[in-house]
Amino acid sequence: MSKKLGFRKALETKLKKSQVAAKKKAISIFTAMSVAHVDEEEAGSGEVRHVEQVLPKGDFYIGEWCDGLPHGNGKYLWTDGCMYVGEWFKGRIMGKGKFCWPSGATYEGEFKSGFMDGQGTFTGFSGDSYKGSWVINLKHGQGIKNYYNGDYYEGEWRSGHQEGQGKYQWQNGNRYDGEWRNGLMNGNGIMVWSNGNSYEGSWEDGFPKGNGTFIFPDGSFYVGIWSKDGKEMNGSYNPSDSSTENPDWDPRVVFLEYLKECKICPGERMSILPSKKMPHWPGMRKSTDGRQRRMSDGKLNCRSWSSDMHDVSATSEGDSKDGDDGIESLCLEDSISRGSCIQFKMSATRQGQTIWKGHKNYELMLNLQLGIRHSVGRPGPAISLDLKSSAFDPKEKVWTKFPPEGSKHTPPHQSSEFKWKDYCPLVFRTLRKLFDVDAADYMISICGNDALRELSSPGKSGSFFYLTNDDKYMIKTIKKAEVKVLLRMLPAYYNHVRSFENTLITKFYGLHCVKLTGTAQKKVRFVIMGNLLCTQYTIHRRFDLKGSSHGRTTSKPESEIDPSTTLKDLDLNYLFRLEKFWFEEFCRQVDKDCELLEQERIMDYSLLIGFHFREVPTPLTSGAVTPTGNGDHESEEAPRLSQTGKDQADNEPSGTSIRLGINMPARVEKTVRKNDETQLVGEPTGVCYDVILFFGIIDILQDYDITKKLEHAYKSMQYDPTSISAVDPKQYSKRFRDFIFKVFVEDT
């Protein structure tokens, strides 16, 4: 213990000394160096020059300069001692470079819009180092990590954590080789201790779980079922001919003693991310004569060239927030011909109408919340992922009566009497566990003090949608026929989501029914789903894509389209570019998901896509939604993000992980349709933007029933049969995949 304290004090002393030295160095540079001020009026547009410039807050830049911004190679010194040396592109840290912290820590490698992104090496002040692949400040891909305490890891990373195949070597000689998940040993792997003992088998959350064998150096072994819960353990000891071990050896000693020496080192934290240090340049725009000018109001309008996001292992120290929490204000320059700066404002109020007392569905909401609280809070047996076929029986449902005065099993309430039905409760309880949904959090989200929000208008199907206050869950009213479809496909759906962790298909958490009392005896059936676009990033564009063309355009006039508008196939004016790893994973998963839906005779589903511009493109209003086909792409300026957009990104909670379809870094490329309004995929223009991407397959409860067959027959006589949505599931699946694989491409 004393050694650890001594080591920590030594590090703190070293850090303080290095920070003081760095500040002295920066001050000496500022005072000793003469500064050549740049006269922008004399500089020709597009001319790259070498400058030495002191900036308003005392920061210093020396290097190549173009149109009022760093462009080329340059060095930037911050007054707190941080320094960047490397490549710039129009004011952004972009390309290869080196970032140095006051502590002496460094990152050398590739940057993208200020983010550590690509191949790079981080060397910490304490001796920590990581060499490998990065994606938006997170270790992601193949990489080697050397820890300050002497530990070592080589293998795959995802979202800043060890995930996939990897080898971890402890300083004491112990080693693990196998599968990882979320920074812990998870899956199949082998642990070898320095004394010769070893365990080979299944792991879960850093501990043996499931089938496994513990082998002693003399050849004797213990084989069986492993678990931290001693009651679940079951196995047998098999001595060798030369065994020296006690035949009554207790396997719990592995958990209580052996694994205490095998803690994963947390590693060094960055005091601040390079993307958080991105300088803000005075707002400039190009006038029609090509010269740099200030904004028309004469004020300095600061802009940031990057959307900052916290690393899961980073603490951003000393960062202030300037934005107004109530309004997000994106300052977007309109097209050059209009020559003015407009404010594009969005209310921070979220979608939907809050259901307060007096709302027509207030009692229904109370009934729903009471029912969920009863269902989820009801004690049940220990959950096993291996369910019996009887659990999926459509007759497996539980009715509960809720009188206003309460009963033995239900609380008193202020609503009218109602009945509550749970469909296949054990299956959905197990699905929630499979999807890592905590029961307490689930109840708080749906049944807490906050009211639900009803979306302003029902969908085409007549269903109503309700959102929880935290936006995590969506509740949709469904028809009896849809309930039957879900119950019919539930066994196949369960096996599918269990087999494919990255499935893009909607996550279902519960299926219920409220039967109201009175003369109407009305039944309201609803399903609870995950909200695909639950994020604190602003979703700037959203598309619902089916691969059909008939009627697949928004009904809103162009002037009324805003970021909350869901656009359709004929409105699509982007290609989605994914890294090779993600693109291959995406193609595999879409194929697997479509095979399931085709097998279950499902059609009319769609891919919902939402994305957040890491830099807001100009313009984001008219002309960016439905291309005219002859836009002037050369006149478009580089995208930008306003200060309030930056503040919104700063509020993104740490620990947000990257998964297929969730929080994915990608690029979108603008497209145009040329003289063909029915052309589904436009021609690429070469104009690309960095985005955070969200997507998933939704609306999977429509089977090809007699209604859809009649719709197909009727519309086929009036329109091109290949352009309508109502087609046979096999044809629908093929057309859907063909279209999706045209709009999603590998980013080369």
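**View 1. A lysine in the loop between two strands.** Lys90 sits in the loop that links β4 (83-89) with β5 (92-100). Keep in mind that this is a predicted model. Have a look at the backbone here: phi of Lys90 is near 50 degrees, a positive value in a residue that isn't glycine. Is Lys90 buried, partly exposed or exposed? Its relative accessibility is 37%, so Lys90 counts as partly exposed, because that class runs between 20% and 50%.

**View 2. An asparagine in another loop.** Here we've moved to the loop between β12 (175-181) and β13 (184-192), where you'll find Asn182. Asn182 isn't a glycine, yet its phi is positive, at about 55 degrees.

**View 3. Helices α3 and α5 side by side.** This close-up shows α3 (residues 362-377) and α5 (residues 439-447), whose axes come within 9 Å and cross at roughly 175 degrees. That makes α3 roughly antiparallel to α5, because angles over 145 degrees count that way. Which residues of the two helices meet? From α3 come Leu368, Gln369, Ile372, Arg373, Val376 and Gly377, and they meet Ala439, Tyr442, Met443, Ile446 and Cys447 of α5. If you're wondering about the spacing of such numbers, an α-helix has 3.6 residues a turn, so residues three or four places apart point the same way.

**View 4. Helix α10 and its cap.** What caps the N-terminal end of α10? That's Asp728, which places a side-chain oxygen 2.9 Å from the backbone nitrogen of Lys730.

**View 5. What α10 packs against.** Quite a few residues of α10 are buried: Pro729, Tyr732, Ser733, Arg735, Phe736, Arg737, Phe739, Ile740 and Val743. The buried residues pack against a list of elements that includes the helix α7 (580-599). Also on that list are β31 (541-545), β33 (574-578), β34 (606-613), β37 (683-698) and β38 (744-746).

**View 6. Stepping back to the whole chain.** Of its 748 residues, 50% count as buried. The accessible surface comes to about 35700 Å², and carbon and sulfur atoms make up 50% of that surface. How much of the contact count comes from residues 24 or more positions apart? Among contacts with a separation of 6 or more, such pairs account for 54%.

How values were computed. Residues are numbered from 1 along each chain as its sequence is written. This is a predicted model: local features need pLDDT of at least 70, side-chain atom pairs count only at pLDDT 80 or more; totals for chains, interfaces and linings use all residues. Side-chain values use heavy atoms; hydrogens and water are left out. Buried means under 20% relative accessible area, exposed over 50%, partly exposed in between (1.4 Å probe, protein chains only). Helices (H or I, at least four residues) and strands (E, at least two) are DSSP runs, numbered from the N terminus. Contact means heavy atoms within 4.5 Å. A polar contact is a pair of N or O atoms within 3.5 Å; within protein, one must be able to donate a hydrogen and the other to accept it, and residues adjacent in sequence count only if both atoms are side-chain atoms. Accessible areas come from the Shrake-Rupley method with a 1.4 Å probe; for residues, only the protein chains shown count as cover. Axes are lines fitted to C-alpha atoms, for helices over the stretch in contact, and angles run from 0 to 180 degrees between N-to-C directions. Angles under 35 degrees count as roughly parallel, over 145 as roughly antiparallel, 65 to 115 as roughly perpendicular and the rest as oblique.
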